[in-house]
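Student: I would like to learn how to read cavities, pockets, cores and salt bridges in a model. Please take them one at a time.

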Amino acid sequence: MTVQRIDVIRPAGLTPADLELWNELRATTAPEANPFMSPEFCRAVGRVRPGARVAVIRQGGEAAGFFPFERERWGRGRAIGLGVSDCQGAVLRPGVVVDPHDLLRASSLSVWEFNHLESGQDVFLPFVTGRFASPVIDLTDGYPGYESLLRAGSRTFLKATRAQERRLARHAGPLRFVFDERNEAVLERLMAWKSAQYRRTGRRDRFAQAWIKSLVRVLATDQAPSCSGLLSVLYAGGRPVAAHFGLRSRTVLSCWFPAYDRDFATFSPGRVLYLRMIEAAAAAGIGMLDLGRGDAPYKDSLKTRELIVHEGAVLRAGPGAALHWLSHEPPRAARGFVRERPHLKAAALRTLAAVGRMRDRRP
């Protein structure tokens with residue numbers, strides 16, 4: 001079926017019928033109900049990002065699909081929540097055919113950039129410039145089944161983490177884990193820990209951007225079934241020592257911002273937290289934890305399989321597209337060159353660590 005009309009609205013303008021259809025389409029067409037692809041996430045971004053929009057695709061006067069995006073100057077567009085969103089794309093009724101350039105034209109965009117396009121988004125796949133593994137934890141067999149896999153594949157990791165858990169309890173006091181914590185002060189502490197970690201490792205501090213902090217605070221209060229903020233905390237002797245804030249749907253927990261108190265670093269509190277969180281997620285009926293794109297030893301130890309996400313951009317003739325190419329293509333090519341050469345990648349990581357140490361030494 002071809003598209004008849006495309007209307008562009010603000011996320012707050014989505015009607016109850018739109019929200020119901022969007023969630024219904026995700027439930028029936030998506031292999032995993034990732035909360036980043038929910039209308040609630042789109043609406044939350046709309047509260048903190050003035051350029052947030054939704055292109056509503058209509059057939060016969062009825063909504064048949066949704067394309068969330070953000071519009072910037074010169075018609076430059078990006079995936080909704082780009083920079084923190086771990087799953088991106090359009091939500092379409094089966095059989096709907098839409099030309100991506102028509103979407104951009106109706107949305108007054110000359111470019112639409114994505115970096116976590118989910119698999120199955122065939123309409124955008126011709127514009128992909130990179131493919132990346134996103135490790136996940138499959139909990140369809142419950143926690144006992146997962147722990148059996150962990151023992152077989154990462155026995156040393158599991159044994160060492162359990163030993164650290166006992167050491168932490170002896171050193172700091174009894175451990176207590178809260179899967180769904182509602183303490184705003186702990187959420188603020190987590191963001192402070194994460195900011196310090198970004199600076200320490202030489203990476204861009206996401207929480208230095210006011211809109212990201214505001215988005216986390218908004219989502220922390222959202223309890224919609226398809227997108228609920230989830231703060232999980234590990235306490236030792238009554239003191240928070242590790243925490244994680246993510247988003248969950250009925251069946252998927254998207255891991256987002258984990259961090260821990262550096263005073264307890266020798267006890268690996270982050271790893272202890274993850275094992276407790278995985279067990280609690282399985283008990284809550286969650287079938288998958290998405291650990292997110294990016295390399296990390298703990299992800300390699302915990303994962304059971306990988307999803308594939310894509311980055312790239314749809315371009316339409318215009319000054320915005322030219323600006324996008326000039327600002328993105330050379331750095332993207334350079335990053336790809338480094339990623340494909342382990343010795344250069346290791347050198348880049350050492351440089352980031354050195355930058356982080358210099359930041360720590362500043363008064």
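This is a predicted model: local features need pLDDT of at least 70, side-chain atom pairs count only at pLDDT 80 or more; totals for chains, interfaces and linings use all residues.

Tutor: Residues are numbered from 1 along each chain as its sequence is written, and side-chain values use heavy atoms, with hydrogens and water left out.

Student: How many cavities of 30 Å³ or more does the structure hold?

Tutor: Rolling a probe the size of a water molecule over the atoms shows where empty space is left. On a 1 Å grid over the protein atoms alone, a cavity is a set of points where a 1.4 Å probe fits but cannot get out; a pocket is an open set with protein on both sides within 12 Å along at least five of seven lines; lining residues have an atom within 4 Å of a point. Grid points are joined across faces, edges and corners, and a volume is the space filled by probe spheres set on them. There are two such cavities here.

Student: What lines the second largest cavity?

Tutor: Trp193, Gln197, Arg200, Ala259, Tyr260 and Arg262 surround this cavity, which holds about 30 Å³ of space. Helix and strand names come from DSSP runs numbered from the N terminus (helices H or I, at least four residues; strands E, at least two). On that naming, α6 (184-200) and β12 (252-260) each supply at least two of the lining residues, and α6 gives the most, three.

Student: Which residues lie nearest the centre of the second largest pocket?

Tutor: Thr29, Ala90, Leu92, Gly120 and Gln121 do, out of 18 lining residues. Two or more residues of this lining come from each of α1 (16-29) and β5 (91-92). The pocket's volume is about 330 Å³.

Student: Which residues touch the most other members of the largest nonpolar core?

Tutor: In soluble globular proteins, nonpolar side chains tend to be buried together. A nonpolar core is a set of buried Ala, Val, Leu, Ile, Met, Phe, Trp, Tyr and Cys residues joined through side-chain atoms within 4.5 Å. Buried means under 20% relative accessible area, exposed over 50%, and partly exposed in between (1.4 Å probe, protein chains only). Here the largest core has 46 residues, and Phe41, Phe66, Leu215, Leu219, Phe245 and Trp256 touch the most other members. Helix α7 (residues 210-220) provides the largest share, seven residues. Apart from this core lies another, of 32 residues, including Ile137 and Val272.

Student: How many salt bridges are there?

Tutor: A salt bridge is a side-chain nitrogen of Lys or Arg within 4 Å of a carboxyl oxygen of Asp or Glu. The count comes to 22. One of them joins Arg58 and Asp7 (2.7 Å, N to O). Arg58 is in strand β2 (residues 52-59) and Asp7 in strand β1 (residues 5-9), 51 residues apart. Arg58 is buried, at 16% relative accessible area, and Asp7 is partly exposed, at 22%.

Student: Where do Arg151 and Glu147 lie?

Tutor: Both are in helix α4 (residues 142-153), four residues apart, about one turn of the helix.
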